[in-house]
Each structure stands twice: as structure tokens, then as C-alpha cells.
Amino acid sequence: MNSYIEAVDFFKGNNPEKVAEEFKTPLYVYNEEIIRNRMHAVSQVITKYPYTANYSIKANTNIHLLKLALEEGLNCDAMSEGEIRMLEAAGFPKERIFFVPNNVSAEEMKYAIDRGIMTSLDSLSQLETFGEINPGGKCAVRINPGVGAGHHEKVVTAGKKTKFGVAEEDIDKIFEIAEKYNLTIAGINQHIGSLFMDYEPFLAAAQNFLRIALKFKNLEFVDFGGGYGIPYHKLDDEKPFEMEGFKKALEEILDKFVADYGYAPLFKSEPGRFCVAEGCVLLGRVHAVKQNNGHAYAGTDIGMNVLVRPSMYDSWHDVEVLRDGKAVSRDNLSPINVCGNICESGDLLAKDRMLPEIKKGDLACVLDAGAYGYSMCSTYNSRPRPAEVLVCKDGSIKTIRKRETYEDLFRLM
Ligand code: LLP
């Protein structure tokens, strides 16, 4: 594909160059229609049994996007008190929030308990804390099923060597603590890792998880976690996650479980990336081009402070080169390093990437930047965080987060 943004009319008739001039760069640009569409898709993963999709908001907490999730009927999971507060501000009632924290203080746990928000405990130690501050309460437990998967070792969140969840061998201890504090274990959850395109490992993990679920009596819900992948190699025509095949295969696994368990609890999943990644591109300006010892570099204002995924996980993001608002043809490609303006040699957005010729003044348009993009950005090198704009269904563009100012950098000192 020569250009994804042109193929899907991402800017809805607006000229990207004009958008960049008006809102400045670097700029996160979201597309309402694509995000709603993906949010709807995850709400349909299980249709035969009671099911809710919880948008995992760590991927992107912009309140305007949370409101889209609210309107699309999704519930949400929160990892911290801050995320709960975001959800409350977006209008989510307590029943639609699931608190899935890791190693939190009793105080932070109490924030959720006081509001009647269902909380999952990630260790026996945290379950004890919950019991101490909320005896007789109801909660969930995160299980580490012993196997994990994911696009990078840093995002594998289950298996013998991760910090997450309670190991299967400790399940009896869950029951002992529950008895001691008269707790009801209403649900169990897992999350094996992030970004799978092949759904077999997820299905194997789901099957294994349901085997573990049989050890729990009277469960109200079983939560399989998130991780559905998106095609980051769009320009090479990578196929999207095959949702239909996945749904069918998962349904067969659920049929068996429901028959064995005697009834269908509420099933849940926790997709983050899938909901928001593809509905966002990141626009940056090319401020310099050079050859260093035979290697070509394009220097942009998209540093690792703006998008850290490539530096942190060697993640791939497709890059389109835009000139005068149009994607430059990909007929003639040569290797180039696209980098940012941060004082680190690891500040590389795309390494030895085959791209069309890049000129000073061009725009670099980074695809699939909506998940773990803005939510992981920082002010490293004292660079204010970028703005975020939303291309609405009707083609209008609204600012959904202002660009930080230099004053903001001093505000708390
Ligand atoms: N549920 C739990 C408990 C999680 O820890 C996560 C992600 C999710 C759901 C959502 O996973 P998703 O559907 O987005 O894959 N920053 C990394 C990803 C870290 C994911 C951490 N946990 C990245 O940029 O790839």
C-alpha cells in the first residue's frame, strides 16, 4: 500500500499539511470513526454468552476517547487511582469500572473500595491487605497461569518469571485468606501479554485459565485479559487480527467450560491497544537531513519523549512521508534512519527504514500511534508534551488536549 492515511481518508478531506500548520507538530491526530469501529468490534468478541469488553485505559486515557468508550457501551479497567479518577470524570459509573492494580498501598485500594468498585488483587499479600481493610467484602484475584506471550519480553505479563498474579500452586492459599476475612472471590482474571496476531496462544491460555476456573466455586465473572494485536506493518499489507475465526474458536472453548461449570459466568476481556492504536497518527516535522558516515538520517521533532515504543521495545511503526499534504510515492525507496531531537543515540523512530527520499520541511506521519503513545510520553529534555486533536465523524477537527507550555514545565517547582 502506498499510503494508509490516503486509503482510509484518515484526515477526512482535511489537508495534513494545513492541520500541522494550524496545530503545530509533533501532533497526535485521532480519527473518531476508526476508534468507534474498533471499540464496537471488541464489544462483539463473545455474543453467545454474557460478555463485557473492558477497554484497558492504560493504552490511552484521553478523557474524550474515554467518552467514546462510554458511548460505545464498553466498560473499562483501571490500573491506578489516577485511571479510576479519569474514568469517573469521563462519566463511568462504578459498575463499569474494574480496578486491576499491581502492588498498591492500602490507601489506593481503599479509594476503589469506598466507591464500590470491583477490585482484583494481584498477590496473596495484596489479598491480605484487602481483607484487612474490607472484611466481608467481594473481590477478584488475578491468576498467573504460568504461560505468557507478547511482542517483547517487557510486555509478557504471565509465566514463571513475571511479577504478575497469583501462581496456580497458591490457589488454596487464596481460599484460606478468603475464609479468614470472609471474602467472596467473585471473579478471576488473567492477562498473558500484549500484541498477538496469531490467536492460538491466547486460546491455549484461555483454555488453561478455564481449567483453573473450575477450582473456584460460584464465580460471577471470568476475565481473559487483553492483548489483541493490530497490524503495525500496514504498508506491507499485513492482515488485521482475524476476529471472526477467533470468535468461533473461543466460543467452542466456552461451550465446553459452561457445560462443565454448570452455568455461564460473565466473560470479560481487557483490550487496550486494539481499541485505539489504529485510530491515531503522529505528525512530526523533518527539521534536518544528513549523511553520517554513509548512513542517512532524517531529524524530526518526534523524539522518544513523544513516542517511546521504538526506543523501549524496538517496536515498528510504519512511517509515511508527506510533502505538501500528500504521501510521497513509495516507488523508489532507500534506507534511512528517522530520529528525534532528544540527546540519546537510542532516539530512533525507524532504523534503516526503506523510505522515499525525505526533504527538510516534509512531514513524517507515524501510523498506529494511538496506543501507548501519548500515555507513555514524557517531558524528557524539557520538551513540553504534544497536543492531541480528534478528526470527528463530520470531518471537523477539535483539540482534545492542548499542547503543554513551557510554563507547565515550571508549574510544580
Ligand atoms: N489488562 C492488563 C492487566 C494489562 O496489563 C494490559 C496491558 C492490558 C489489559 C491491555 O493489553 P493490550 O490489549 O493493550 O495489549 N506499553 C506496551 C504494552 C504494555 C501493556 C501492559 N499491559 C506497548 O507499547 O506495547
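From which domains does the shell around the ligand draw at least three residues each?

**View 1. The shell around the ligand draws on domain 1 and domain 2.** At least three residues of the shell come from each of domain 1 (4-29 + 277-410) and domain 2 (32-276), with bounds taken from an automatic or database domain assignment. This is a predicted model, in which local features need pLDDT of at least 70 and side-chain atom pairs count only at pLDDT 80 or more, whereas totals for chains, interfaces and linings use all residues. Residues are numbered from 1 along each chain as its sequence is written, and side-chain values use heavy atoms, with hydrogens and water left out.

**View 2. Residues around the ligand.** Of the 18 residues around the ligand, those that come nearest are Ser194, Glu270, Arg309, Tyr313 and Tyr372, where a residue counts as near if one of its heavy atoms lies within 4 Å. The shell divides into 6 nonpolar, 7 polar and 5 charged residues; Ala, Val, Leu, Ile, Met, Phe, Trp, Tyr, Cys and Pro count as nonpolar, Asp, Glu, Lys and Arg as charged, and the others, Gly among them, as polar.

View 3. A ligand nitrogen atom lies 2.5 Å from an N or O atom in the side chain of Glu270, and a nitrogen atom of the ligand is 2.7 Å from an N or O atom in the side chain of Tyr313. At Arg273, a polar backbone atom is 2.8 Å from an oxygen atom of the ligand. Of the 580 Å² of accessible area that the ligand has on its own, the protein covers 94%, as computed by the Shrake-Rupley method with a 1.4 Å probe.

Technical notes
Polar contact = N/O pair within 3.5 Å; in protein donor to acceptor, adjacent residues only side chain to side chain.
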